[in-house]
Amino acid sequence: MINITTIILSYNEEKNIARCLESIKDWCPVFVVDSFSTDATKEVSHSYGAKFFENTYKNHSSQWNWALNNTPIETDWVLCLDSDFIVTEALKKEIESFLDDKDEKQYNGFYVIHEYCFWRAHIRYGGVKKFWLRGVRKGKGTADISDLVDFRFNVDGDIKYIHAKVIEDNEKDNDLTFWINKQDVFSLRLAVEEELRRRKLLNWEGNISFFGNTDEKFKYLRDIWLKFPLFVRPFILFFYRYFLSLGFLDGIGGFLYHFLQGLWLRMIVDMKIWELRTYRLSDSQLVALSQEMLRHKHGSLGKIIGEKYAESN
């Protein structure tokens with residue numbers, strides 16, 4: 001069997017995980033690391049022969065580090081997926097070719113092309129994340145725990161770029177209410193994370209460089225983003241994505257995605273940063289808030305702060 005294990009993170013993913021598992025069926029060992037789902041995720045995973053593990057979820061980075069350190073990986077490589085990912089046949093062939101190559105041992109990670117679907121439209125333009133590091137050599141990669149919303153791996157060594165796709169297509173996101181509620185949680189985490197970084201209370205792990213790999217460049221640009229004025233930068237981002245980076249070529253789905261994710265969400269983040277600053281939290285209070293919000297599945301800053309103050313009294 002191929003020298004790679006696939007690990008899939010999940011939580012209430014019965015609508016998505018079957019497609020993910022079907023795309024890698026009989027290809028490699030599969031572990032599902034779940035956050036105590038209450039739907040049929042476990043049963044679906046077992047029906048495909050996947051080994052099932054459970055761990056309490058804090059954020060994506062901490063969950064990935066737990067998965068890499070606590071599952072019985074016996075292969076040299078790990079392919080890291082979310083439940084709404086579909087591995088294309090082309091990607092499987094490219095990974096097989098890479099692992100059979102005599103130069104494989106010089107690399108400790110690999111990027112794949114990431115294609116996102118939003119409301120059944122494939123987002124190909126708009127300057128969105130093209131490559132995503134999804135392959136790590138066992139023991140050579142860790143997720144950056146300083147990222148409170150997304151995640152990215154820091155890899156010790158050289159990284160390969162594989163030019164084949166994994167497709168992210170979340171069926172649950174077709175329910176607009178579900179998507180908006182998810183963005184509400186993300187917006188608060190982004191707001192708090194940005195305030196932590198502005199105050200130098202949270203620093204990226206690994207290298208930061210405009211001329212580095214995809215993730216090193218991302219971190220560099222995120223730090224530049226912090227210097228842009230609130231309520232202006234969302235419009236700058238939308239203009240860049242939709243016009244300069246040709247997001248309009250993705251049709252109505254592209255417009256909805258770039259407007260909602262590039263403009264609307266970023267405006268909500270800026271509003272929550274503004275709200276956060278009105279509380280005039282000390283550094284220690286802000287750090288405590290960042291830990292407290294990870295326990296909640298909503299994005300209400302006032303409610304979380306109110307509960308925190310109530311507990312302290």
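1. Strand E2 (residues 30–34) is mostly covered, with five of its five residues buried; buried here denotes under 20% relative accessible area, exposed over 50%, and partly exposed the range in between (1.4 Å probe, protein chains only). Val 30, Val 32 and Asp 34 point one way from E2, Phe 31 and Val 33 point the other way, and all are buried. Helices (H or I, at least four residues) and strands (E, at least two) are DSSP runs, numbered from the N terminus.

2. The model is predicted: local features need pLDDT of at least 70, side-chain atom pairs count only at pLDDT 80 or more, and totals for chains, interfaces and linings use all residues. Residues are numbered from 1 along each chain as its sequence is written, and side-chain values use heavy atoms, with hydrogens and water left out.

3. The partner of E2 is strand E1 (residues 4–10), which runs parallel to E2 and is joined to it by five bridges. Two strands are taken to pair if DSSP finds at least two bridges between them. Within this pairing, Ile 7 stands opposite Phe 31 in E2.

4. Strand E8 (residues 131–137) is largely enclosed by the rest of the structure, because seven of its seven residues are buried. Strand E4 (residues 77–82) pairs with E8 in the antiparallel sense over three bridges, and Trp 77 has Arg 137 as its bridge partner in E8. Strand E6 (residues 107–118) also runs antiparallel to E8, with five bridges joining the two; there, Gly 109 has Val 136 as its bridge partner in E8.

5. For the chain as a whole, the secondary structure comprises ten helices and eleven strands. The radius of gyration is 20 Å, which agrees with the value near 20 Å for a compact globule of 313 residues; this radius is taken over C-alpha atoms, and the globule rule is 2.2 Å times the number of residues to the power 0.38. Along its principal axes, the C-alpha trace spans about 55 × 45 × 40 Å. Of the 313 residues, 53% count as buried. Among contacts (heavy atoms within 4.5 Å) between residues at least 6 apart in sequence, 71% join residues at least 24 apart.

6. The chain exposes about 15200 Å², of which carbon and sulfur atoms supply 55%. Accessible areas come from the Shrake-Rupley method with a 1.4 Å probe, and for residues only the protein chains shown count as cover. A nonpolar surface patch of about 760 Å² is made by Tyr 125, Phe 239, Tyr 240, Phe 243, Leu 244, Leu 246, Phe 248 and Leu 249. Patches are made of residues with over 30% relative accessible area and no salt bridge, like charges being joined within 9 Å and nonpolar side chains (Val, Leu, Ile, Met, Phe, Trp, Tyr) within 5 Å. Leu 249 lies in the loop between helix H7 (233–244) and helix H8 (251–278), and counts as partly exposed at 42% relative accessibility.

7. The count of salt bridges comes to 24, each being a side-chain nitrogen of Lys or Arg within 4 Å of a carboxyl oxygen of Asp or Glu. One of them joins the side chains of Arg 19 and Asp 169 (3.3 Å, N to O). This pair links distant parts of the chain, 150 residues apart: Arg 19 is in helix H1 (residues 17–23), and Asp 169 is in the loop between strand E11 (158–168) and helix H5 (176–198). Arg 19 counts as partly exposed, at 26% relative accessibility.

8. A salt bridge also forms between the side chains of Asp 150 and Arg 152 (3.8 Å, N to O). Asp 150 counts as partly exposed at 27% relative accessibility, whereas Arg 152 is buried, with a relative accessible area of 2%.

9. The side chains of Glu 195 and Arg 277 meet in a salt bridge of 3.1 Å, N to O. Glu 195 lies in helix H5 and Arg 277 in helix H8, so the pair ties together parts that are 82 residues apart in sequence. Glu 195 is buried, with a relative accessible area of 5%, whereas Arg 277 is partly exposed at 37%. Salt bridges that share partners join Glu 194, Glu 195, Arg 198, Arg 233, Asp 270 and Arg 277 into one network.

10. Tyr 220 is placed in helix H6 (residues 214–225) and is partly exposed, with a relative accessible area of 35%. Leaving aside neighbours within four places in sequence, Tyr 220 is in contact with Ile 208, Ser 209 and Phe 210.
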